[in-house]
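Colleague: Could you take me through this one? I'd like to know what stands behind each label you use.

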Protein chains: 2
Amino acid sequence: MLGRVLNTHQQWLCRQLADAGHAVDRQVAVADTADAIVQAVHEALGRADLVVTTGGLGPTSDDFTRQVIAGLFGLPLAEDPAAAAHIDRWFTDRGRVPPPGVRVQALVPAGATVLPNAHGTAPGLRLATRTTPPRWLVMLPGPPRELRPMFLEQVLPWIGSTFPAPAHSVCRTLRSTGIGESSVQALLSGPLTDLVSAGLEIGYCCRPGEVDIRFMARGAEAARLVAEAETRSRTELGPAVYGIDDDTLEAAVVGLLARRPATLSVAESCTGGLVASRITDVPGASAVFRGGAVVYSNDLKQQLLGVRGETLAAHGAVSEPTAREMAEGARRRLGSDFALALTGIAGPSGETAGKPVGTVFIALATPAATRVEHHLNRYDRGTFKQVASQQALELLRQHLVS
Amino acid sequence: MLGRVLNTHQQWLCRQLADAGHAVDRQVAVADTADAIVQAVHEALGRADLVVTTGGLGPTSDDFTRQVIAGLFGLPLAEDPAAAAHIDRWFTDRGRVPPPGVRVQALVPAGATVLPNAHGTAPGLRLATRTTPPRWLVMLPGPPRELRPMFLEQVLPWIGSTFPAPAHSVCRTLRSTGIGESSVQALLSGPLTDLVSAGLEIGYCCRPGEVDIRFMARGAEAARLVAEAETRSRTELGPAVYGIDDDTLEAAVVGLLARRPATLSVAESCTGGLVASRITDVPGASAVFRGGAVVYSNDLKQQLLGVRGETLAAHGAVSEPTAREMAEGARRRLGSDFALALTGIAGPSGETAGKPVGTVFIALATPAATRVEHHLNRYDRGTFKQVASQQALELLRQHLVS
């Protein structure tokens, strides 16, 4: 509630539950106070069959979810011997003495099921209300690398065996680039009308330069409705659709290069390594990615990439000819079939006459020719880097699919 | 609720409100259905003086927050001429014809105040309940680059003039690395006891390799309590504290280099450009950062950095001697005072005998000597890259502060 931490739990948990067919009704975040936690959990148990809490189970003084929930349920807390032994072992295995107070994490409300934590010290807990039928509360530790395996290995299977199987549902997201949100909907709304009448739900999510189109349906016809929506959308949107679900533009590019097969190198100034980093986020990128040069200084542009001094003097580092020579130099010197180069002004300072902050030249060198695009990305520094890297990857992708 | 989109609104809005001294009581996310939206807004207006909604104001068929809120308040919708003209101009300025249906965004509930959107087509809206005193609902568009300036320029000043000034509050986060969460608390709890008794609130947040310690206090003594807590904590934690609030490790490193002054270059294999990209996220990095080589292939390690073929043959690409030669080669060839080099196995494949996935060698070359660290980061590929880049930046930072 102080805005110091980004909540990634909501997306991850909702995704796991939705993929298993369960409808998530609501997500609530409250302050780290006993009253706020008790009130939110109490309300949630009045609304849902299962309530999942995250965080507040650790060893520090601001971790008191365990205590206030025991109070809400009217249950005494007692140390669980197995949980206490696990905590001791966690530290001794790492050659450390258990710090004072760390064993508070082994306290368990009477009757609760302990969910062992293979990746940390705080176990999770599962409790049932005394109502008929019972409602359930599952408490998970906050760190994602502890929460995620615990949820997948211990909670999701238990949900499957405890609650009635949900209506079959199918969800698919098409990821597109280069067409605006309104235009995407204008292209799709006519062709999908009958599917929407039959129960297809459509959602749109747009980011700079990208639109996701999400299809969802439930019941016996779900798979057919979603598949038909995907087919018709691909017909309307053509190569603007670069992938589905969790596909990324960089994964699409790596996949296209691997199919040829062909290799890539990059030369980056303003994006400072982000294009290379995105490409190497893709498992298996090493089969197609040769490497990159991050050339923040003019002399490195000359030394590593062979950009000519006359070009820099006549046109400046941020120019069409410099981008062209960077890409051609990277392709030649790093020995790849394709090369991308970016030079621009990420800001906040660096504006020069005729070249405002946000200016970027993006070059693609291929075996046949070099093409240079000019964009003006008027964003903060981080968004500028993200959008410019997106434009570079899309420039290459369009070449590879054309 | 389907887990397809990360919610960044909560952190950003809570941060702005907390920094202005306002307490945020609760954050709620619900499904894109009329019932869920109406119920959540109705409940929230029963609990808070001000409710802020985000999203659902756009032009597509899943955007109906405007309509259901008008229904909840019993207000008719009518097109606002200025908002409609803005939408038309938005498209004609960009050489496009307004797509069908886009003018739905100009519909305004009777009596609502229109918040113009300088960065998109959907205006925000402000409404009061008919109670005494009124409670307020502010509706903002979902895209962050539209929501954020609208909130800062039109909502926050209005909050300041509409609601009583809140109790003065002070918040400060210390960012630390290299000490675990329990150990940080064990070091701090004694020295801070009297400050906690006087009203200081302490929160901890840990990520792999990092612990944030957050201090918060309200009232006349707030600034003194927080400043005293910071001073004592810095005494206990020493150089483990690398910054405050939104400081990043990369910004700390760039600042330390600029103060010497000294320059840096990087040579990356397994992190694929991420270290360079993080450094160039810092405005002004060009004053200290020379550039980098992303060398995914063995021949580029030799060609760009001068790593010897014998070294690669005898020890392999992922080895202490290769990391050393990469760093020394980057320092020499890219012409910097310091150089960082990383070579490792990000996974999921690539494991070799004696070198499991997660292995990384990190070298720091200085004018005097080269030091190499070995870590085993058993994480997914993305977290491996993040943690290894963190370890490299920390290796350099510890050298610069020692």
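Predicted model: local features only at pLDDT ≥ 70, side-chain atom pairs only at ≥ 80, totals over all residues.

Colleague: Where does Asp63(B) lie, and which residues does it touch?

Modeller: Asp63(B) lies in the loop between strand 2 (50–54) and helix 3 (65–73) of chain B. Leaving out residues up to four places away in sequence, Asp63(B) touches Gly56(B), Leu57(B) and Gly58(B).

Colleague: Moving on to strand 14 of chain A: why do you call it largely enclosed by the rest of the structure?

Modeller: Strand 14 (residues 338–344) of chain A has seven of its seven residues buried, so it is largely enclosed by the rest of the structure. In a regular strand, side chains alternate between the two faces of the sheet. Here both faces are covered: one side has Phe338(A), Leu340(A), Leu342(A) and Gly344(A), the other has Ala339(A), Ala341(A) and Thr343(A), and all are buried.

Colleague: How do you know that strand 14 of chain A pairs with strand 12 and strand 15 of chain A?

Modeller: Pairing takes at least two bridges. Strand 12 (residues 264–268) of chain A is joined to strand 14 of chain A by five bridges, and they run parallel. With strand 15 (residues 359–365) of chain A, strand 14 has six bridges in the antiparallel sense. Both pairs therefore meet the cut-off of at least two bridges. Leu342(A) in strand 14 of chain A stands opposite Glu268(A), and its bridge partner in strand 15 of chain A is Ile362(A).

Colleague: Which strands pair between chain A and chain B?

Modeller: Strand 1 (residues 26–30) of chain A and strand 1 (residues 26–30) of chain B run antiparallel, joined by five bridges. For example, Arg26(A) has Val30(B) as its bridge partner.

Colleague: How many residues are in contact between the two chains?

Modeller: 68 residues of chain B are in contact with 68 residues of chain A. On the chain B side, strand 13 (residues 289–295) gives the most, with seven residues. By class, that side has 35 nonpolar, 23 polar and ten charged residues.

Colleague: What makes you say that the length of helix 12 of chain B agrees with what it should span?

Modeller: Helix 12 (residues 320–333) of chain B has 14 residues, so at 1.5 Å a residue it should span 20 Å; its end C-alpha atoms are 20 Å apart, which agrees. The buried residues of helix 12 of chain B include Met326(B), Ala327(B) and Ala330(B). Just after the helix, Gly335(B) takes a positive phi of about 70°.

Colleague: Which residues touch the most other members of the largest nonpolar core?

Modeller: Ala327(A), Ala339(A), Ala327(B) and Ala339(B), out of 206 residues in that core. Helix 13 (residues 381–401) of chain A supplies the largest share, seven residues. As for Ala327(B), not counting residues up to four places away in sequence, its contacts include Ala267(B), Ala339(B) and Leu364(B).

Colleague: Last one: how is chain A divided?

Modeller: Into domain 1 (9–162), domain 2 (169–244) and domain 3 (250–401). The C-alpha centres of domain 1 and domain 3 of chain A lie 46 Å apart.

Terms used. Residues numbered from 1 in each chain as written. Chains lettered and ligands numbered in written order. Core = buried A, V, L, I, M, F, W, Y, C linked by C-beta atoms within 7 Å. Buried ≥ 20, exposed ≤ 12 C-beta atoms within 10 Å, placed from the backbone. Helix = DSSP H or I, 4+ residues; strand = E, 2+ residues; numbered from the N terminus. Contact = placed C-beta atoms within 7 Å. Nonpolar A, V, L, I, M, F, W, Y, C, P; charged D, E, K, R; others polar. Domains from an automatic or database assignment. Expected span 1.5 Å × (residues − 1).
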